Amino acid sequence: MAVHMRKQPGQLTVVIKLGTSSIVDEKTHQPLLSILSLIVETACNLRAAGHRVVIVSSGAIGVGLRRMNLPRRPKHLPKVQALAAIGQCRLISLWDQLFGNLEQPIAQVLLTRNDIADRTQYQNAQNTFIELLSMGVIPIVNENDTLAVTEIKFGDNDTLSAITAGMVQADYLFLMTDVDCLYDKNPRTNPDAKSISVVEDIAELAADVSSAGSALGTGGMSTKIVAARLATSAGVTTIITKSSKPGNISAIIAHAEGQRETKLSSRNSVTNFLEDNGVSLSQAAVLNLHNTNHELSASTGSLQETQLARTPSPQTDQPVPLHTRFLPISNPIRDRYFWILHGLAPHGTIYIDHGAWTALSDKAGLLPVGIVDVDGHFAQQEAVRIVVVKRLPRSSQRVSISATNDQPLPQPTTPSAAAHAVHAPIPIRHPIQHSASTSQILQPPQYELHNPAPFEIGRAVVNYSATEIRRIKGLHSTQIHEALGYADSEYVALRENIAFFGSERSRPTTPNFGKSSTSVNGTEGIELH
Ligand SMILES: N[C@@H](CCC(=O)OP(=O)(O)O)C(=O)O
């Protein structure tokens, strides 16, 4: 059942994420009281203006280090978890004291990936958020580090904040960090680096962003881009800006809202103009006139540079503080589809051919006939990645020792590839069956590995296990019973259990699919090398 966040007209939901380096001093681990107080004032101002606020706060480990007088984060995981447990109660009491001064109630919400992998628990968490927000409370979210070990961690609090923003259907996610914004080159080494104020399509982002995180936190700029990708796919405008100036948040929101209104009124005037001239919107789309609906200066590309950030805000006539704003996709992925993509951890990969991809785009389910191969061990009703490959004709299937499982996995190298590193970006391991000796490959690859490279288009919850799918791949549904001795469903995955990155309307339109682009008609399936 779809969950709806009932909001008053004009009411915004704003998620503010603060990393460890914004909460405690990197060396002394003393809380940075001036920043925290400014965040509290900003959040209370937003509340007073009728908006809803969620804070995602790291810092438990840092505060725990201070409490136990330890100089640095230990290597031993249980010790880190213990420090987080010590620090979390101090951290939340610090927030409570600061907000208490302004009589603003807060709540502590601790999450792990496992908590939300179960649909009911995901909905419970969502319902709690809805209730807290409608009571005027500010939830303060962190990862539940006591339970989180490597494989169940969100990865970092940037991703946690994006998942939270998706869960509460936020309008804005602020990723507060130690730089003003993204630059097209590293500004430390390139004095001519230009700031990027708006990113319309995150898949096209090719900025030379630094990936270095702080000594305590786990994130860096690359985790922020992953988070921005995830949040914008859920319809959340995502902003990177400097954490030492939290007062800027309101000015940035005012500016972004002003830009959104300008865009809407520009769209309306285009619509009126077309209607006055007897052109319907569908005709306009055919004539490609819809491009005129884009932000005023957006027609030349997806990145608008620094000048825009310096233009006065329509509301205040003040210069707009530097920031980078990632625009949300036009068809946000919400509710169950968002949960399939980002709540569930994938347990394996199903490789499908172009025909199956076309069928999925036409809203069909996934039939065994379109499945080329399977990787991993997963059970029925678990989540898997869906990867499109070019099926090799039987005659040209060849043995390739370049893709044995003994080789290191290819890693994303560009920032936009790194941006997929937590959720979408899977270095694809070719599921060649082979014995302990690499020279004894038992089964040749059944699809093209490099040209075009396989790429992920979405995730599915499957009706059959990996073992079962290995036995029915390539067969017609009528043959499932013969192959397995039973047939639970004619589909390997029902359409309602398949979610695409980017847009459900994604469909393969070019015969050389995946060859030269990481973005296929709005999907953000990534080419993997
Ligand atoms: N959950 C952990 C921190 C996770 C983390 O390192 O996050 P971040 O500082 O945002 O990269 C804590 O509260 O200390």
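**Entry: helix 6**

I began with helix 6, residues 119-134. Its 16 residues should span 22 Å at 1.5 Å a residue, and its end C-alpha atoms are 22 Å apart, so the two values agree. The expected span is 1.5 Å times one less than the number of residues. Helices here are DSSP runs of H or I with at least four residues, strands are runs of E with at least two, and both are numbered from the N terminus.

I noted how the model was handled. It is a predicted model, where local features need pLDDT of at least 70 and side-chain atom pairs count only at pLDDT 80 or more, while totals for chains, interfaces and linings use all residues. Residues are numbered from 1 along each chain as its sequence is written, and side-chain values use heavy atoms, with hydrogens and water left out.

Next I checked the start of helix 6. There, a side-chain oxygen of Asp118 comes within 3.0 Å of the backbone nitrogen of Thr120. After the helix comes Gly136, with a positive phi near 80°. I also looked up buried residues in helix 6; among them are Arg119, Tyr122, Phe129 and Leu133. Buried means under 20% relative accessible area, exposed means over 50%, and partly exposed lies in between (1.4 Å probe, protein chains only).

**Entry: helix 7**

How many residues of helix 7 are buried? I found eleven of its eleven residues, 157-167, so described, and the helix is mostly covered. The list includes Asn157, Asp158, Gly166 and Met167. Gln169 follows helix 7, and its phi is positive, near 50°.

**Entry: Glu257**

I found Glu257 in helix 9, residues 248-276. Is Glu257 buried or exposed? It counts as buried, because its relative accessibility is 14%. I set aside neighbours within four places in sequence, and Glu257 is then in contact (heavy atoms within 4.5 Å) with Leu12 and Tyr172.

**Entry: strand 14**

I turned to strand 14, residues 455-461. Seven of its seven residues are buried, so the strand is largely enclosed by the rest of the structure. Strand 13, residues 383-388, pairs with strand 14 in the antiparallel sense over six bridges. Strand 15, residues 498-500, also pairs with strand 14 in the antiparallel sense, over three bridges. Two strands pair if DSSP finds at least two bridges between them. I followed Gly458 in both directions. Gly458 is the bridge partner of Ile386, and Gly458 stands opposite Phe500 in strand 15.

**Entry: aromatic pairs**

I counted three aromatic pairs in the structure. Trp357 and Phe455 form an edge-to-face pair, 5.5 Å centre to centre, with 80° between the planes. The pair links distant parts of the chain: Trp357 is in helix 13 (residues 354-361) and Phe455 is in strand 14, 98 residues apart. Rings of Phe, Tyr and Trp (its six-membered ring) pair if their centres lie within 6.5 Å; planes under 30 degrees apart are stacked, over 60 edge-to-face, and the rest tilted. Trp357 is buried, with a relative accessible area of 0%. Phe455 is buried too, at 1%.

**Entry: whole protein**

The protein has 16 helices and 15 strands. Buried residues make up 52% of its 529 residues.

Methods:
A polar contact is a pair of N or O atoms within 3.5 Å; within protein, one must be able to donate a hydrogen and the other to accept it, and residues adjacent in sequence count only if both atoms are side-chain atoms.
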